[in-house]
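Here are some notes to read beside the model. Keep the sequence and the structure open while going through the points.

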Amino acid sequence: MKPIGYWLNRTDKALTGYMNGMLAEFGLTRTAWQVLNVVGAAATDTPITDDDVRTALSANADAATLAAAVDTVLADGWTTRPGPGRLALTSDGEHRLAVVAERVHAFRELSTVGITPDEYRTAVTVLERMTRNLEDH
């Protein structure tokens with residue numbers, strides 16, 4: 001049996017590769033999609049800051065990759081800057097994000113074929129525990 005690190009790396013590459021391919025028609029990458037989700041989850045009356053995005057996604061990508069993803073979603077009209085250092089979805093971005101969400105849902109179903117909800121929860125719980133064991137040590 002291959003060690004867990006092997007499967008973690010391979011799974012992350014498979015998830016990223018598939019998502020990047022699926023999202024390319026929308027001009028997005030997995031990281032840009034994650035940025036949109038963080039921005040979209042913010043209260044509409046309080047636009048999220050770039051620092052909030054970096055904090056929320058620091059485990060997913062480095063600062064340069066996140067900055068490039070923010071630039072992409074701004075340039076492509078998914079988001080706007082309602083104030084200095086702040087981000088909010090545009091109305092067009094909200095609509096397009098809903099379309100992308102349907103694709104992501106199908107992706108999630110594909111990636112968990114043959115995996116029960118209990119197995120999925122167990123896998124996530126174990127990975128979370130392993131991460132905390134190492135980060136807290």
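1. Helices here are DSSP runs of at least four residues, numbered from the N terminus. With that in hand, helix 6 can be named as the element that gives the most to a nonpolar patch, with three residues. Please keep in mind that this is a predicted model.

2. The patch itself is made by I4, L8, V126, L127 and M130, and covers about 350 Å² of the surface. Two elements give two or more residues to the patch: helix 1 (4-23) and helix 6 (117-135).

3. I4 lies in helix 1.

4. Next, the length of helix 2. The helix holds twelve residues, 30-41, and at 1.5 Å a residue these should span 16 Å. The expected span uses one less than the number of residues.

5. How many of the twelve residues of helix 2 are buried? Nine are, so helix 2 is mostly covered, as buried means under 20% relative accessible area. The buried residues of helix 2 are R30, T31, A32, W33, Q34, V35, L36, V38 and V39.

6. In soluble globular proteins, nonpolar side chains tend to be buried together. In this model, the largest nonpolar core has 26 residues, and L23, L28, V35, V53, W78 and V100 have the most contacts inside it. Helix 1, helix 2, helix 3 (50-57), helix 4 (63-75), strand 3 (86-89) and helix 5 (91-111) each give two or more residues to this core. The largest share comes from helix 2, with six residues.

7. Besides its neighbours within four places in sequence, V35 is in contact with V53, L57, L66, A69, V70 and V73.

8. T29 lies in the loop between helix 1 and helix 2. At 38% relative accessibility, T29 counts as partly exposed, because this value lies between the 20% and 50% limits. Leaving out neighbours within four places in sequence, T29 is in contact with N20 and L23. The C-alpha atoms of T29 and A69 are separated by 7.8 Å, with the two residues 40 residues apart along the chain.

Notes: Residues numbered from 1 in each chain as written. Predicted model: local features only at pLDDT ≥ 70, side-chain atom pairs only at ≥ 80, totals over all residues. Heavy atoms only, no water. Patch = residues over 30% accessible without salt bridge, like charges linked within 9 Å, V, L, I, M, F, W, Y side chains within 5 Å. Areas by Shrake-Rupley, 256 points an atom, 1.4 Å probe, with all protein chains shown as cover. Salt bridge = Lys/Arg side-chain N within 4 Å of Asp/Glu carboxyl O. Buried < 20%, exposed > 50% of the residue type's maximum accessible area, 1.4 Å probe, protein only. Core = buried A, V, L, I, M, F, W, Y, C linked by side-chain atoms within 4.5 Å. Contact = heavy atoms within 4.5 Å.
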